[in-house]
Amino acid sequence: MTKIHLITKINAPINQVFDLARNIDVHQQSTASSYEKSIDGITSGLINLNETVTWRGKHFGIYLKHKSLISEMEFPTYFVDEMLEGHFKSFRHEHNFVEKNEKTVMIDTIEYQTPFGMLGRIFDQLVLKNHLTQFITERNKFIKKLAESH
């Protein structure tokens with residue numbers, strides 16, 4: 001199991017940051033470099049508890065699909081998306097939000113397993129973990145910029 005932990009400090013109210021983080025349109029804008037598009041389930045606006053979204057995006061030169069379920073949500077401090085279908089053996093992304101002095105700390109914890117045994121673990125160590133870290137970091141920078149510009 002691989003774990004990625006990211007912290008992003010944002011000068012904006014927690015409700016606003018929470019909604020930006022679960023907004024399908026914002027996600028598509030923030031991941032434009034990989035051509036991420038919502039193709040099934042919730043395809044626009046805010047995703048909520050027990051709703052699904054299927055993403056199609058270009059990673060490593062090929063288009064991949066990833067279907068997620070919002071399996072847990074506590075407004076405005078926490079939600080979890082978990083893979084239902086995709087190329088991982090398992091994938092869970094916890095989104096935590098903490099408000100301090102009218103600022104929001106956004107905490108991402110991603111845990112996943114790769115398929116293909118030893119080959120998958122080598123690919124993860126050499127390429128995948130860094131790719132996912134950069135992918136989420138860029139998304140978080142976009143959310144921060146958007147939240148702080150309002």
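Visitor: In which loop is the place of Pro 76?

Guide: This is a predicted model, in which local features need pLDDT of at least 70 and side-chain atom pairs count only at pLDDT 80 or more, while totals for chains, interfaces and linings use all residues. Residues are numbered from 1 along each chain as its sequence is written, and side-chain values use heavy atoms, with hydrogens and water left out. Helices (H or I, at least four residues) and strands (E, at least two) are DSSP runs numbered from the N terminus, and on that basis Pro 76 is placed in the loop between strand S4 (62–74) and strand S5 (78–85).

Visitor: What is the omega of the peptide bond that joins Phe 75 and Pro 76?

Guide: The bond between Phe 75 and Pro 76 is a cis peptide bond. Its omega is about -5 degrees.

Visitor: What pattern does the protein chain follow along the sequence?

Guide: The protein chain has three helices and seven strands. Taken in sequence order, these elements give the pattern β-α-α-β-β-β-β-β-β-α.

Visitor: What radius of gyration does the protein chain have?

Guide: The radius is taken over C-alpha atoms, and the globule rule is 2.2 Å times the number of residues to the power 0.38. For 150 residues a compact globule would have a radius of gyration near 15 Å, and the protein chain agrees with this, because its own value is 15 Å.

Visitor: Is Tyr 35 buried or exposed?

Guide: Tyr 35 is found in the loop between helix H2 (24–30) and strand S2 (37–41), and its phi is near 55 degrees, a positive value in a residue other than glycine. Buried means under 20% relative accessible area, exposed over 50%, and partly exposed in between, using a 1.4 Å probe and protein chains only. Since the relative accessible area of Tyr 35 is 52%, this residue is exposed.

Visitor: At what relative accessibility does Asn 50 count as exposed?

Guide: Asn 50 lies in the loop between S2 and strand S3 (52–59), and although it is not a glycine, it has a positive phi of about 70 degrees. Asn 50 counts as exposed because its relative accessibility is 57%.

Visitor: How far is Met 83 from Arg 139 in space?

Guide: Met 83 is found in strand S5 and is buried, with a relative accessible area of 15%. Leaving aside residues up to four places away in sequence, Met 83 touches residues including His 66, Lys 67 and Phe 91. Met 83 and Arg 139 are 56 residues apart in sequence, and their distance in space, C-alpha to C-alpha, is 18 Å.

Technical notes:
Contact means heavy atoms within 4.5 Å.
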